[in-house]
Amino acid sequence: MTSVVGRETARPITPHSILVAQLQQTLKLAEDNNVPVEILDSLRQGVQLAAGLDPYLDDYTTPESSALTALAQKTSREDWSKRFSDGETVRQLEQEMLSGHLEGQTLKMFVHITKAKRILEVGMFTGYSALAMAEALPSDGQLIGCEVDPYVAQFAVRCFSESPHGNKIVVEVAPALETLYKLAARKEVFDLIFIDADKKEYVEYFQTILDSNLLTPDGLICVDNTLLQGQVYLPPEQRTANGEAIAQFNRFVAADPRVEQVLLPIRDGITLIRRVV
């Protein structure tokens with residue numbers, strides 16, 4: 001279980017956690033407004049059922065390593081707003097960008113199942129998911145992490161140095177597309193590619209990976225945030241720019257005859273993609 005005490009409590013950012021928060025707010029409103037007891041009982045059961053899911057998943061998923069716990073705690077203690085206002089980061093970052101226990105262990109399981117030896121992570125933040133996947137790599141395996149922000153890349157590298165698996169990770173600091181083009185020029189290939197960078201560039205990452213043959217024939221692409229807080233299935237007028245970008249990405253992948261895909265409701269959505277043509 002990830003036990004993080006942040007500078008501030010992490011805000012709900014997944015469809016499920018947002019739903020739980022709204023149900024809890026609705027129950028409080030009902031309790032304050034003399035709603036019939038039958039409706040209150042129904043709401044309480046709904047809150048209980050919804051609020052219990054995430055803690056249960058954490059409790060019955062293999063615990064994260066001590067190095068991952070330390071990385072998550074360090075990320076949560078960082079004052080990301082101040083780093084941005086002081087010009088130390090190139091964009092506004094927040095602790096909620098860390099993938100966390102359940103998703104980290106899921107990615108680690110994918111590495112084990114696929115027996116991947118070479119992994120590419122497109123968008124790394126402080127490196128939680130990179131380190132989780134590296135823990136499943138064999139001793140001669142390698143993960144290349146793309147990160148555009150020099151400050152956060154150094155933050156991650158310092159965390160990696162405290163793990164026995166950190167030496168499997170190489171960090172490329174540059175815009176993700178620039179790094180993808182460089183890797184393609186070097187004819188590098190990867191068994192597993194995890195996309196979690198600029199949402200507005202997801203389609204370009206996907207096209208570049210397939211068109212440049214960065215993925216091995218039996219390789220797997222994992223794409224993060226493909227539910228984006230539920231915005232992808234809410235009316236378009238309720239979407240942010242990122243929500244619209246992910247909705248377009250999901251449609252683009254679904255229409256591409258070169259691939260098969262499945263969208264899993266893990267955290268903020270993970271889409272698994274494999275090439276069939």
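Let's start with the lining of the largest cavity: five nonpolar residues, five polar and two charged. Here Ala, Val, Leu, Ile, Met, Phe, Trp, Tyr, Cys and Pro count as nonpolar, Asp, Glu, Lys and Arg as charged, and the others, Gly among them, as polar.

A word on the source. This is a predicted model, where local features need pLDDT of at least 70, side-chain atom pairs count only at pLDDT 80 or more, and totals for chains, interfaces and linings use all residues. Residues are numbered from 1 along each chain as its sequence is written, and side-chain values use heavy atoms, without hydrogens or water.

Back to the cavity. On a 1 Å grid over the protein atoms alone, a cavity is a set of points where a 1.4 Å probe fits but cannot get out; a pocket is an open set with protein on both sides within 12 Å along at least five of seven lines; lining residues have an atom within 4 Å of a point. The structure holds one cavity of 30 Å³ or more. The largest cavity has about 50 Å³ of space, counted as the space filled by probe spheres set on the points, which are joined across faces, edges and corners. Its lining includes Met97, Glu121, Phe125 and Asp196.

Next, the second largest pocket. Its volume is about 820 Å³. The lining has 34 residues, and Arg91, Met97, Ala197, Lys199 and Asn242 lie nearest the centre. By class, that lining has 14 nonpolar, seven polar and 13 charged residues.

Last, what follows H6? Lys115 does, with a positive phi near 55°. Helices are DSSP runs (H or I, at least four residues), numbered from the N terminus.

Methods: Helices (H or I, at least four residues) and strands (E, at least two) are DSSP runs, numbered from the N terminus.
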